[in-house]
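Hello,

Here is the structure I promised to pass on. Have a look at it first, and then read my notes below.

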Amino acid sequence: MEQRHLGRTGLRVSRIGLGTLTWGRDTDEHDAADLLKTFWEAGGTLVDTADVYGNGEAEYLLGRLMDGLVPRRDLVISTKAGSVLDPDRRFDGSRGHLLAALDASLTRLGTDYVDLWHLHAFDPGTPLEESLQALDLAVSSGQARYAGVSNFCGWQLAKAATWQLAAPGTRTRLASTQMEYSLLQRGVEREVLPAAVDLGIGLLPSSPLGRGVLTGKYRGGVPADSRGACDHLAPFVEPYLDDTAARIVDAVATAADGLAVTPLQVSLAWVRDRPGVAAPIVGARNAQQLTAALSVEALSLPDEICRALDDVSAPVHRYPDHDWSTL
């Protein structure tokens, strides 16, 4: 699999990443082992997790698999901290919480460092510079090799990245930002992606298949074995089952038929090759699904197909995002 630099850093990652959101909850150890081995054998390196995935079980499971199945040195492990399972406070970006969370993540993963550590979300209750100092301390101590953020809007990302660039040598440049991005969700193109490109930050798209909807599996209804039929995941899929999404999925299916490939391959190739994207993070339920996603490696979409998909999925961006003189 082709490797790409993550933002304006020397870190190289596979241009498709493996997500572990369901590990330790819906994905058991046997299926997780098949997924990780399939990914590794295909040349994949970037594995993304978080301390709250499966309430810690995803990291614990990944750590066990690295111990005997896949060499730690062959993987780029990314994890996140800052989301908390507290109904009164969804995010905790305090330095104390973040550094304690990193220590706990390293214990579960069974490693003394992670390659990439993200703030999982912006915490309005903590000064941003305090949260960013935790990243600096993690990198300076060797517990994290690189740092990034996740779910930061445009101004939050720009503020964080600029703060980190203000004192070169003492602060850690942001390597990445992880955000949802697909043909069904192009909101990052409004401000986040332009900021990331300008600041040399690599975008790691989550849900690049529109929460599974872009595979076309929901065109005839909700399959019984799909996430849309699962009680705790159905609310995650439902927003993308509207008429607007259906038109985009139909266009993807038409493009796939013309290219003799699958809607999954078309959708994933589109987001993988967008400017500023480093590596979409793919979450698969089993090795068969992952193999289908990894088969996109050999596919590059023709320009006319990209333009058609861009047109049918174009978000409405008016003032102040477009040149005011054209409005």
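A residue is called buried here when its relative accessible area is under 20%. Please keep in mind that this is a predicted model.

With that cut-off, His 118 counts as buried, because its relative accessibility is 0%. You will find His 118 in strand β6, which spans residues 114-119. Beyond its neighbours within four places in sequence, His 118 is in contact with several residues, including Ser 78, Thr 79, Lys 80 and Ala 81, as well as Gly 148, Val 149 and Ser 150. Ser 176, Gln 178 and Leu 204 are also among the contacts of His 118.

Next, the nonpolar cores. The largest one has 83 residues, and those that touch the most other members are Trp 23, Leu 36, Trp 117 and Leu 157. Apart from this core lies another, made of eleven residues, with Val 13, Leu 46, Leu 204 and Ala 279 among them.

Helix α1 covers residues 29-41 and helix α2 residues 57-68; their axes come within 10 Å and cross at roughly 60 degrees. The two helices are therefore oblique to each other, and α1 passes α2 in a right-handed crossing.

Enjoy exploring it!

Best wishes

Key. Residues are numbered from 1 along each chain as its sequence is written. This is a predicted model: local features need pLDDT of at least 70, side-chain atom pairs count only at pLDDT 80 or more; totals for chains, interfaces and linings use all residues. Side-chain values use heavy atoms; hydrogens and water are left out. Helices (H or I, at least four residues) and strands (E, at least two) are DSSP runs, numbered from the N terminus. Buried means under 20% relative accessible area, exposed over 50%, partly exposed in between (1.4 Å probe, protein chains only). Contact means heavy atoms within 4.5 Å. A nonpolar core is a set of buried Ala, Val, Leu, Ile, Met, Phe, Trp, Tyr and Cys residues joined through side-chain atoms within 4.5 Å. Axes are lines fitted to C-alpha atoms, for helices over the stretch in contact, and angles run from 0 to 180 degrees between N-to-C directions. Angles under 35 degrees count as roughly parallel, over 145 as roughly antiparallel, 65 to 115 as roughly perpendicular and the rest as oblique. A crossing is left-handed if the near helix is turned anticlockwise from the far one by less than a right angle, and right-handed if clockwise.
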